[in-house]
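Please look over the sequence and the structure shown below before reading on.

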Amino acid sequence: MPVPPHRGWLRPSDSERRAAATPRVLLLALLTGLLTAWLLFDGVGVNLLICAGATAAAAGLAARSAGRRIRPWTVVWSLLAVALLTVPALWEAGWPVSLSIGCALGLASLALHGGRRWAGVLLPLPAVLWQLPPGVLWLRDGLRGRSLPYRGRIVPVLKALAVAAVLLTVFGLLFAGADAAMADLLGSLSPSLDLRGLPLRAALFALGAFTALGFAHIAAGPRRWDRTVVRPGRARRRLEWALPLVALNLMFGAFAVIQALVVLGGADAVLRNTGMSRSEYARQGFWQLSVITALTLVVVAVAKRWAPRSTPADRRVARILLGALCVLALVVVASALGRMWFYVDASGLTRLRLWVLVVEGWLGVVLLLLITAGLTRSAGWLPRVVVLSGMLTAAVYGLMGPDAIIAEQNVARFERTSRIDLRNVRDLSPDAAPALDRLPAVQRACALQLIRAGLENHPGPAWYATSASAARAREILAQRPLVDQLEEGRTPCERAGMRYQDLWP
């Protein structure tokens with residue numbers, strides 16, 4: 001089926017051909033919608049993998065109709081997406097679960113689109129967001145004027161079922177009003193429907209069906225984002241870009257020397273001159289160093305775009321200056337990680353501190369990849385490997401259970417120093433319950449109070465709509481119930497030294 005022409009920058013990436021939608025794709029999309037409305041109504045867990053499997057089946061059917069083959073990178077992106085979708089089945093924390101689901105959707109889109117260059121691996125990640133409406137139009141055009149298989153058998157059966165449902169409803173209501181025993185019998189046989197949940201189930205059905213159609217539409221004829229025209233930047237004269245880079249390298253080098261002196265024993269002198277404690281020095285410097293790391297990557301990208309490439313000498317100078325900047329930026333990364341870890345050891349671990357540690361570590365990996373690309377003749381592998389490193393970081397972050405790690409670090413610090421800031425652990429998810437269960441009775445009751453309240457507000461969801469950590473937390477609280485009031489009339493949090501304004505996050 002020919003694809004209508006597009007204008008502007010999208011036109012070079014148009015697919016040459018797109019396979020038409022088939023009735024089987026429609027049935028799989030409807031099945032995905034039904035599974036989504038049924039399974040995801042109570043929450044997310046293993047049900048997300050089931051719905052993803054139905055969506056993948058619809059996309060696979062469309063890809064087969066288009067004659068597409070499975071490539072090695074398609075397998076890599078798909079397996080990583082499956083790993084990300086297992087996070088909701090293991091852990092309960094909202095932010096890692098949301099991040100994992102978003103990354104899994106992007107990876108699924110990348111697996112269907114493919115790509116090698118920067119445009120080819122970055123643009124497909126959000127592509128599914130604008131593929132939903134075209135997927136519906138693609139289905140309409142593919143089924144227009146096409147007879148459904150077994151229509152002569154299916155349509156009469158559906159008509160008969162509809163008539164039977166109307167007759168049973170009308171006469172059932174009349175019989176129930178005429179006889180109490182008949183009313184009890186019909187009440188036990190008829191399914192119980194929660195009409196208040198119908199709007200949400202309808203929205204979930206539409207979401208599941210449209211998502212399946214969107215991925216099938218991509219698989220039937222993906223855009224070739226690698227063909228997107230990215231005009232190279234106008235090369236500047238050597239002095240225009242080399243002088244700023246030399247100055248920046250000198251500043252980074254001065255910082256590296258200072259950090260070396262601090263590590264070798266000059267930290268006390270630095271702290272004495274600044275008048276700050278070691279904890280304040282670590283906390284203040286981390287955020288600036290994190291911004292410096294991110295800005296360094298921007299500087300490298302801009303310099304690479306503007307650096308002259310006409311002669312071997314220009315290319316050599318660009319590699320030396322940018323490589324030196326990346327190497328010195330690794331010192332900044334190491335210093336930032338060291339400062340944050342020192343601050344965590346002094347004040348405890350929180351969600352924000354763990355997240356920025358992970359992001360800073362990933363930025364260090366990207367710098368190492370840039371250095372490696374500068375040392376090799378060809379850097380065609382760089383875009384896909386950078387995206388792979390980012391998605392692997394997101395997968396590891398989700399699978400390791402951030403809230404469980406935060407609770408474990410704070411409890412281990414308490415066991416070592418008898419000090420804990422309960423504000424760091426009170427708003428954690430049920431993932432933290434096993435570690436917090438090791439605290440003494442007073443601190444334990446205060447730390448698990450909000451977790452218990454959250455579990456009581458969502459009692460006993462179906463096995464497919466909950467996580468393993470939530471089930472484990474329910475078991476812990478059932479075996480060792482919390483003490484809400486102490487003998488002297490104070491709550492556990494008050495006994496632990498928390499103020500009233502700190503009790504609720």
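Patches are made of residues with over 30% relative accessible area and no salt bridge, where nonpolar side chains (Val, Leu, Ile, Met, Phe, Trp, Tyr) are joined within 5 Å and like charges within 9 Å. Accessible areas come from the Shrake-Rupley method with a 1.4 Å probe, and for residues only the protein chains shown count as cover. In this predicted model, Val-163, Val-166, Leu-167, Val-170, Phe-171, Leu-174 and Phe-175 make a nonpolar surface patch of about 680 Å².

One of these residues, Phe-171, lies in helix H8, which covers residues 151-178; helices (H or I, at least four residues) and strands (E, at least two) are DSSP runs, numbered from the N terminus. Phe-171 has a relative accessible area of 46% and is therefore partly exposed, given that buried means under 20% relative accessible area, exposed over 50%, and partly exposed in between (1.4 Å probe, protein chains only).

## The model and its confidence

Residues are numbered from 1 along each chain as its sequence is written, and side-chain values use heavy atoms, with hydrogens and water left out. Because this is a predicted model, local features need pLDDT of at least 70 and side-chain atom pairs count only at pLDDT 80 or more, while totals for chains, interfaces and linings use all residues.

The pLDDT, which is the predictor's confidence in each residue on a scale from 0 to 100, has a mean of 83 over the chain, and 85% of the residues reach 70 or more. Over residues 1-6 the pLDDT is below 50, and this stretch has 11 contacts in the model beyond near neighbours in sequence, a contact being heavy atoms within 4.5 Å. Residues 500-505 also have a pLDDT below 50, with 10 contacts beyond near neighbours in sequence. Where pLDDT is low, the predicted coordinates should not be read in detail.

## The chain as a whole

The secondary structure of the chain comes to 21 helices and zero strands. Of the 505 residues in the chain, 41% are buried, and the accessible surface comes to about 27900 Å², with 67% of that area belonging to carbon and sulfur atoms. Among the contacts with a separation of 6 or more, 77% are between residues 24 or more positions apart.

## The nonpolar interior

A nonpolar core is a set of buried Ala, Val, Leu, Ile, Met, Phe, Trp, Tyr and Cys residues joined through side-chain atoms within 4.5 Å. The largest such core has 89 residues, and Leu-107 and Leu-436 are those with the most contacts inside it. Helix H13 (residues 312-347) gives the largest share of this core, 13 residues. Apart from this core lies another, of 22 residues, including Ala-59, Ala-62, Ala-66 and Trp-138.

Which residues does Leu-436 contact, once its neighbours within four places in sequence are left aside? They are Ala-407, Val-411, Val-425, Arg-444, Ala-447, Leu-448 and Ile-451.

## Salt bridges

Side chains of opposite charge can pair when their charged atoms come close. The structure holds seven salt bridges, a salt bridge being a side-chain nitrogen of Lys or Arg within 4 Å of a carboxyl oxygen of Asp or Glu. One of them joins Arg-438 to Glu-408, with the closest N and O atoms 3.0 Å apart. This pair links distant parts of the chain, since Arg-438 is in the loop between H17 and helix H18 (441-447) and Glu-408 is in helix H16, 30 residues apart. Arg-438 is partly exposed at 38% relative accessibility, and Glu-408 is partly exposed at 35%.

The side chains of Arg-423 and Asp-421 also meet in a salt bridge, at 3.0 Å from N to O; Arg-423 is partly exposed at 45%, as is Asp-421 at 21%.

## Two loop residues

Ser-418 is found in the loop between helix H16 (402-417) and helix H17 (433-436). Phi of Ser-418 is near 60 degrees, a positive value in a residue other than glycine, and Ser-418 counts as exposed at 58% relative accessibility.
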